[in-house]
Amino acid sequence: MRSVGLSVALVLLMAGAAVGGEKIVISHRGASAYLPEHTIEAYTAAHIMGADYIEPDLVMTKDKRFICLHDIHLEATTNVEERFPDRKRDDGRWYAADFTLAEVKQLNVHERLNNRFPVGMSRFEVPTFEEMIELIQGLNATRGRDAGIYPELKNPAWHRGEGLAMEEPFLEVVGRYGYKGKDARIFVQCFEPKTLDMLRNELGSELPQILLLGSSSVKAGMASAESLAQAAKYADGIGPDKLSIEQDPDLVRRAHACGLAVHPYTLRADSLPSTYKTFDDELRQFYVTYDVDGLFTDFPDKAAAFLAGL
């Protein structure tokens, strides 16, 4: 059983990484409940709070660098409209693929949601994937932990159409930092089966892979026993939205029968569904009743504390 120590500042939880068959905590965009998503500060907090895996979403810049950003657009979480007012496309959006890394580094990152970290307080920037990896590996060394990373390749088909194919450059980066083989402390996630199939069966990657399933793909039959068996040819697990499991709890059993882990997204204590009295109730429903193997949460401290009490 992992041990957890509480404090009143940033060091909210001290926890060991899950190993073997233990259930895991996946920190969604870092500790995004407490600090702006996909920032070095949010990733640092997630590590200190005991997350077993920390998620960077990845998009590419014009000069083919991976940056940690949830969207292919910049305006939702940066001041790009103010800094580069004339760089939007005809659709009114500012695309990361139109900017060099040096230009992206000129931007300030701010909180996406109104009820979280106050906009305008402190200063945050968009990190590169390499910066994120080096941070986590450095914290692993100084804190005696082995937290993993859980990168998502965002919209690979779109990037390919922009002349920014993601798959081979991604494997080069993670390989350079020692993420190789089926036992590496990494999960590679994507909504696009083609990319996961390419990584596994064309480029020969043995890294653990997760097929993300949105509600539309579940409705399209991608959560059927037959589809899950097909997914097992290139994936080691699935990441369905949490509502899909609540509507069809047997999805977890079907996935497990195909040898697939199940990591649903996203549990948030500050947007608790009315069906639960407390956040622990929702965590218990997923970890214990539905028997998922791990889950994404903006509150890694609360999920780690819950697992510590089982």
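Okay, helix H1, residues 40-48: Ala42, Tyr43, Thr44, Ala45, Ala46, His47 and Ile48 are buried there, where buried means under 20% relative accessible area, exposed means over 50%, and partly exposed is in between, with a 1.4 Å probe and protein chains only. Seven of the nine residues in H1 are buried, so the helix is largely enclosed by the rest of the structure. By the way, helices (H or I, at least four residues) and strands (E, at least two) are DSSP runs, numbered from the N terminus.

Before I go on, the source notes. This is a predicted model, where local features need pLDDT of at least 70 and side-chain atom pairs count only at pLDDT 80 or more, while totals for chains, interfaces and linings use all residues. Residues are numbered from 1 along each chain as its sequence is written, and side-chain values use heavy atoms, with hydrogens and water left out.

So what covers the buried residues of H1? The cover includes strand S1 (24-27), strand S2 (53-54), S4, H4 and helix H13 (300-308). Contact here means heavy atoms within 4.5 Å. Just after H1, glycine 50 has a positive phi of about 95 degrees.

Now H4, residues 129-143. Two packed helices are described by the angle between their axes and the distance between the axes. For H1 and H4, the axes come within 10 Å and cross at roughly 30 degrees. That makes H1 roughly parallel to H4; the cut-offs are under 35 degrees for roughly parallel, over 145 for roughly antiparallel, 65 to 115 for roughly perpendicular, and oblique for the rest. The axes are lines fitted to C-alpha atoms, for helices over the stretch in contact, and angles run from 0 to 180 degrees between N-to-C directions.

Who makes the contact? On the H1 side we have Ile40, Tyr43, Thr44, His47 and Ile48, and on the H4 side Glu131, Met132, Leu135, Ile136, Leu139, Asn140 and Arg143. By class, the contact of H1 with H4 has seven nonpolar, three polar and two charged residues. Nonpolar covers Ala, Val, Leu, Ile, Met, Phe, Trp, Tyr, Cys and Pro, charged covers Asp, Glu, Lys and Arg, and the others, Gly among them, are polar.

On to the sheet. There's an open sheet of four strands, in the order S5-S2-S1-S11, with parallel pairing. Strands pair if DSSP finds at least two bridges between them. The edge strands are S5 (148-149) and S11, each pairing on one side only. S1 and S11 pair in the parallel sense over four bridges, and isoleucine 24 has glycine 294 in S11 as its bridge partner. H13 packs on this sheet, touching S1 and S11, and its direction makes about 175 degrees with that of S1.

Next, strand S3, residues 57-60. In a regular strand the side chains alternate between the two faces of the sheet. In S3, Asp57 and Val59 point one way, Leu58 and Met60 the other way, and all are buried. S3 pairs with S6 in the parallel sense over two bridges, with leucine 58 opposite leucine 153. S3 and S4 form a hairpin with five residues between them, and lysine 64 in the turn has a positive phi of about 65 degrees.

Then helix H7, residues 193-202, where Thr195, Leu196, Met198, Leu199 and Arg200 are buried. Among the elements covering them are helix H5 (156-161), helix H6 (167-176) and strand S8 (209-213). Glycine 204 follows H7 with a positive phi, near 75 degrees. Proline 208 sits in the loop between H7 and S8.

Is proline 208 buried or exposed? It's buried, with a relative accessible area of 10%. Its contacts, leaving out residues up to four places away in sequence, are Gly181, Lys182, Ala184, Ile186, Phe187, Val188, Arg200 and Asp236.

The peptide bond from tyrosine 265 to threonine 266 is cis, with omega near -20 degrees. Asparagine 155 has a positive phi of about 50 degrees although it is not a glycine, and at 35% relative accessibility it counts as partly exposed.
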